[in-house]
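Please look through the sequence and the model below before reading on. The paragraphs that follow go through some helix packing, a core and a few loop residues.

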Amino acid sequence: MRARARDLAARSQGVSTDKYRRLGTASNLETFDRLRILPSRNFQAAAIGAARAKRLAPAGLASAGEHTRAGCAGCTIGCDHRYGGQRLEYETQFALGPLCGVDDPARLLAAARACDELGLDTISAGGSLAFAMECCERGLLDWPLRFGDDLVPWLARIARRDGPGDLLAEGTRRAAELIGGGSAAFACHVKGLELPGYEPRAMQTLALGLCVASRGADHNRSGAYQADLRPGVDRYHADRS
């Protein structure tokens with residue numbers, strides 16, 4: 001067992017994990033933007049542009065707070081990256097950033113910190129807010145909420161079920177049922193669970209995996225995005241190789 005553990009520890013220091021040691025999953029954002037699989041503005045677009053993506057990439061985040069690195073106990077990789085003391089992974093970065101039209105690194109880190117302090121899931125919180133933003137954009141809600149706004153006050157409303165937060169705390173699917181007006185057509189969820197940070201219309205194997213997963217849109221139960229990004233795969237057509 002000790003020999004196997006040493007072997008695994010040695011292999012974990014290889015090139016395949018170098019990105020996670022140096023920059024963490026936050027480094028995926030620029031790549032996904034370039035591949036046009038980075039959902040933004042409640043999945044209305046699949047990219048935000050190189051300049052805006054760079055602001056939310058690790059170098060841009062470091063400008064808003066000192067970059068430090070940590071790891072779970074006994075981990076040999078250490079992919080826990082923090083900016084100004086705030087831990088940030090790609091899914092949080094996507095959900096509280098591009099999905100809500102936010103491209104200010106300080107504003108993103110503040111929203112991530114608020115979710116941690118309030119006990120909110122960042123993907124579902126960001127997805128619900130992005131949905132509400134599009135509802136406001138379409139005139140279905142008269143709330144003062146727009147893409148790119150400061151999310152912290154709205155996250156506090158959700159956590160306390162205060163005013164509009166009482167509806168958003170129900171999640172995207174339930175909110176769409178209550179708002180009506182055709183909003184269910186752009187309520188981005190699977191079985192009531194808000195979508196992770198990959199454009200399913202451009203990643204058809206991922207889309208299939210999310211559809212059939214028992215929990216709905218859970219990328220931890222269906223990591224099929226790895227299959228979509230393999231060389232030679234037509235990720236726009238799940239039935240082709």
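Does Lys191 count as buried, partly exposed or exposed? Lys191 counts as partly exposed, because its relative accessibility is 43%; buried means under 20% relative accessible area, exposed over 50%, and partly exposed in between, with a 1.4 Å probe and protein chains only. Lys191 lies in the loop between strand S4 (189-190) and S5. Its phi is near 55 degrees, a positive value in a residue other than glycine.

The model is predicted, and local features need pLDDT of at least 70, side-chain atom pairs count only at pLDDT 80 or more, and totals for chains, interfaces and linings use all residues. Residues are numbered from 1 along each chain as its sequence is written, and side-chain values use heavy atoms, with hydrogens and water left out. Helices (H or I, at least four residues) and strands (E, at least two) are DSSP runs, numbered from the N terminus.

Two other loop residues can be taken together. Phe43 sits in the loop between helix H3 (28-35) and helix H4 (50-56), and its phi, near 65 degrees, is positive in a residue other than glycine. Phe43 is buried, with a relative accessible area of 7%. Pro200 is in the loop between strand S5 (193-194) and helix H12 (204-212), and counts as buried because its relative accessibility is 15%. Not counting residues up to four places away in sequence, Pro200 touches Phe43, Leu195, Leu206 and Ala207, where contact means heavy atoms within 4.5 Å.

Next come the helix pairs. Helix H7 (residues 105-118) and helix H9 (residues 152-160) pack at an angle of about 15 degrees, their axes 9 Å apart. Axes are lines fitted to C-alpha atoms, for helices over the stretch in contact, and angles run from 0 to 180 degrees between N-to-C directions. H7 is therefore roughly parallel to H9; angles under 35 degrees count as roughly parallel, over 145 as roughly antiparallel, 65 to 115 as roughly perpendicular and the rest as oblique. On the H7 side the contact is made by Ala110, Ala111, Ala114, Cys115 and Leu118, and on the H9 side by Val152, Leu155, Ala156, Ala159 and Arg160.

In H9, the residues Trp154, Leu155, Ala156 and Ile158 are buried. Their cover includes H7, H8 and helix H10 (165-168). Just after H9, Arg161 takes a positive phi of about 50 degrees. Leu120, in the loop between H7 and H8, is in contact with Cys115, Ala125, Leu155, Ile158 and Ala159, leaving aside its neighbours within four places in sequence. The C-alpha atoms of Leu120 and Ala169 are 9.7 Å apart, although 49 residues separate them along the chain.

The axes of H8 and helix H11 (residues 172-179) come within 9 Å and cross at roughly 25 degrees. H8 is therefore roughly parallel to H11. Gly127, Ser128, Phe131 and Cys135 of H8 meet Thr172, Ala175, Ala176 and Ile179 of H11.

The largest nonpolar core has 58 residues, and those with the most contacts inside it are Leu129, Phe131, Trp143, Leu145, Leu151 and Leu155. Such a core is a set of buried Ala, Val, Leu, Ile, Met, Phe, Trp, Tyr and Cys residues joined through side-chain atoms within 4.5 Å. Its largest share, eight residues, comes from helix H8 (residues 122-137). Not counting residues up to four places away in sequence, Trp143 touches Ala132, Cys136, Trp154, Pro164, Leu167 and Leu168.
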